[in-house]
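Here is a short briefing to read alongside the model. Have the viewer open and follow along, topic by topic.

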Amino acid sequence: MKRRSFVGHAGLAGVLAAGAAPAVVQAQAQIRWRLASSFPKALDTIYGAAEVFARKVKEMSGGKFEISVHAGGELMPAFGVVDGVQNATVEMAHTAPYYFFGKDETFALGCAIPFGLNSRQMTAWQYEGNGLKLMREFYAKYNIISFPMGNTGAQMGGWYRKEIKSVADIKGLKMRIGGFAGKVLERLGGVPQNIPGGEIYQALEKGTIDATEWVGPYDDQKLGFNKVAPHYYYPGWWEGGPQLDLYVNTKAYEGLSAEYKSIVECAAAYAHTEMQAKYDARNPAALRQLVAAGTKLQRFPKDVMDAAFKESMAVYSELSAKNPNWKKVYEDYAKFRSEQNLWFRFAEAGFDDFMQQQKL
């Protein structure tokens, strides 16, 4: 009996000496989850982030944890994914939080608001500020835990059938504009439309809308907006650094092992970084091609920017007075934005301003 006990312990010691990680992976349960995206498969950047995430989860789990990714409209409407995760119809979703500002304006703070944080500042607020903590407290009301999973970087101001010479040209403009920015557009006299990415071209082509914005040159070229609207404006003042999120049903997430939870977190962080890298690498060539094909690249007139900024600040003040969820998160967000702008003014902006004037 003693000899057998010794042999048993020796065998265990040998396994541990050889490395426990493989044994731990093998001990994990086989899991199959579904992820509902809000984006069409044609967009290999923004939709592709979910595929990158799923691939990394499978690789890190030794094939034990598999996630099938489904494009917007495949399992549920593109704008139905919050309900899908909340009600456990699917375990996961990948989306732009500001799509759901109609449920509560606070959703927009998890993605982008007009004249908000740029992409680096947003990541800093989430990971090193109070952003992730505050947004998760808010999402808990919807049975959701969130993970940052992608950012497009500052976006373009969109495609217009007619030239925008002043803020007066915004009046009556029917524009597809993502999420929360529509509130500001309304105050400028515009008519916002919330249309999923896969349906925008048809609406613009038929004249159902007069203008649209999506992301930037790489995606916009794929979607063909330049074929039906010649004027391309910048910057997208409503999306200085829009973050995409991975939403996970809280009960499903809590049922994961500690190892699988860590895998989800790490895979989301990887996809978060890779998405913007793809946009930054691919947008320059696409912009050159669009301009060469006849696109009229124009900057928004100053009075448009000034009016939009003024109305944005008014909206935030009004929301803080009536929506306690918004007030709690926005106060922290605004303080962080102020500090970040002070820092970026000297370092990043100074460097960028010099470099962009050089002939390289």
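Helix α5 spans residues 119–127, and its buried residues are Ser-119, Gln-121, Met-122, Trp-125 and Gln-126. Buried here means under 20% relative accessible area, exposed means over 50%, and partly exposed lies in between (1.4 Å probe, protein chains only). Seen down the axis of α5, these buried residues fall within an arc of 160°, so they line one face of the helix. This is a predicted model, in which local features need pLDDT of at least 70, side-chain atom pairs count only at pLDDT 80 or more, and totals for chains, interfaces and linings use all residues. Residues are numbered from 1 along each chain as its sequence is written, and side-chain values use heavy atoms, with hydrogens and water left out.

**Around helix α5**
- The cover over the buried residues of α5 includes α6 (131–139), β4 (144–151), β10 (243–249), α11 (258–292) and α13 (324–346).
- Asn-118 caps the N-terminal end of α5, with a side-chain oxygen 3.2 Å from the backbone nitrogen of Arg-120.

**The largest pocket**
- The largest pocket has a volume of about 1,200 Å³; a pocket is an open set of points on a 1 Å grid with protein on both sides within 12 Å along at least five of seven lines, and lining residues have an atom within 4 Å of a point.
- Its lining counts 37 residues, and Gly-153, Ala-154, Gln-155, Pro-235 and Gly-240 lie nearest the centre.
- Two or more lining residues come from each of α5, α11, β11 (296–299), α12 (302–322), α13 and α14 (348–355).
- Helix α11 gives the most to this lining, with 5 residues.
- By class, the pocket lining has 16 nonpolar, 14 polar and 7 charged residues.

**Cavities**
- There are 2 cavities of 30 Å³ or more, a cavity being a set of grid points where a 1.4 Å probe fits but cannot get out.
- The largest cavity holds about 90 Å³ of space.
- Among the 15 residues lining the largest cavity, Ile-46, Tyr-98, Tyr-99, Gln-155 and Glu-239 are the closest to its centre.
- The second largest cavity holds about 50 Å³, and its lining divides into 10 nonpolar, no polar and no charged residues.

**Lys-103**
- Lys-103 sits in the loop between β3 (92–95) and α5.
- Lys-103 counts as partly exposed because its relative accessibility is 37%.
- Leaving aside neighbours within four places in sequence, Lys-103 is in contact with Val-82, Asp-83 and Tyr-142, where contact means heavy atoms within 4.5 Å.
- The C-alpha atoms of Lys-103 and Val-82 are separated by 9.9 Å, with the two residues 21 apart along the chain.

Terms used: Helices (H or I, at least four residues) and strands (E, at least two) are DSSP runs, numbered from the N terminus. The arc is that of the directions from the helix axis to the C-beta atoms. A polar contact is a pair of N or O atoms within 3.5 Å; within protein, one must be able to donate a hydrogen and the other to accept it, and residues adjacent in sequence count only if both atoms are side-chain atoms. Grid points are joined across faces, edges and corners, and a volume is the space filled by probe spheres set on the points. Ala, Val, Leu, Ile, Met, Phe, Trp, Tyr, Cys and Pro count as nonpolar, Asp, Glu, Lys and Arg as charged, and the others, Gly among them, as polar.
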